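Colleague: Could you walk me through this one? I'd like to go through the strands and then the nonpolar parts.

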Amino acid sequence: ITLTETDKDNYGKILGRKTQISSIYNMVPKMKRHEEVLRENWIVTAGRLTYQKGIEYLAEIAVPVLKKHRDWKWLVLGDGEDRNILEQAISENKLEDQLILKGTVNQVEWYLDRAKLFVLTSRYEGFGMCLVEALQMQVPCVSFDVKIGPSEIIADGQNGILIPPFACEQMVREINSLIENPGRLERMAENTMIGFERYQDAYIIEKWKNILDNL
């Protein structure tokens, strides 16, 4: 049993077979969008501030986006050894009021309930649960299309945008375009539940049951 379809295909190639290999996604922690809560001009990134999460890419992208859109904020949820990269970007570009490092937070849901966009700049992912959580809260996602995870979660152009890995200038352009075209961003928000049944408890339990019943 693998976590993603990509992993399933990879194991099939290694083992030289396609049978007795299945993929089952993780169940998603249940979050609820509160319709009475107004969205802010917030971009959110959540995760450890480490090499894996591409924090230097995050800094390279956030600076020009925020300089162009002074009425927007970029909230970074999480902490780690690469926090200094973002602190330096904030200091050098005078973005203290826009690029906000919240550190470790207990209620990611609270921030997603108020955000308009979620951005992931990871070098690699095992799956990308943060993307699924954002979509559950009706927040469109922009992510590098790294090998495992994002392309199975984001329906490109419908509920988010996939960017070629580490194409920072392209990600800047796409984020700017979404900010400057609120109608497009709203349409993506309306499509965030595309394919979401794959992460629902009943669907996942049924997949496990079918596999165990056929052992």
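Predicted model: local features only at pLDDT ≥ 70, side-chain atom pairs only at ≥ 80, totals over all residues.

Colleague: Fine. Is strand β1 buried or exposed?

Modeller: Five of the five residues of β1 (residues 42-46) are buried, so the strand is largely enclosed by the rest of the structure. Buried means under 20% relative accessible area, with exposed over 50% and partly exposed in between, using a 1.4 Å probe and protein chains only; strands (E, at least two residues) and helices (H or I, at least four) are DSSP runs numbered from the N terminus.

Colleague: And which residues cover which side?

Modeller: Trp42, Val44 and Ala46 are buried on one side, and Ile43 and Thr45 are buried on the other. In a regular strand the side chains alternate between the two faces of the sheet.

Colleague: What does β1 pair with?

Modeller: It pairs in the parallel sense with β2 (residues 73-77) over five bridges, and two bridges join β1 to β4 (residues 117-120), also parallel; pairing requires that DSSP finds at least two bridges between the strands. Val44 stands opposite Leu75 in β2 and has Phe118 as its bridge partner in β4.

Colleague: Where does β2 go from there?

Modeller: β2 pairs in the parallel sense with β3 (residues 99-103) over four bridges, and there the bridge partner of Leu75 is Ile100.

Colleague: Switching topic, how many residues are in the largest nonpolar core?

Modeller: That core has 35 residues, and those with the most contacts inside it are Ile43, Ile61, Trp74, Val142 and Ile175. Its largest share, nine residues, comes from helix α2. A second, separate core of 28 residues includes Tyr111, Phe118, Val132 and Phe196. A core here is a set of buried Ala, Val, Leu, Ile, Met, Phe, Trp, Tyr and Cys residues joined through side-chain atoms within 4.5 Å.

Colleague: Last one: why does Trp208 count as partly exposed?

Modeller: Trp208 counts as partly exposed because its relative accessibility is 37%, and this residue is found in helix α9 (residues 201-213).

Technical notes. Residues numbered from 1 in each chain as written. Heavy atoms only, no water.
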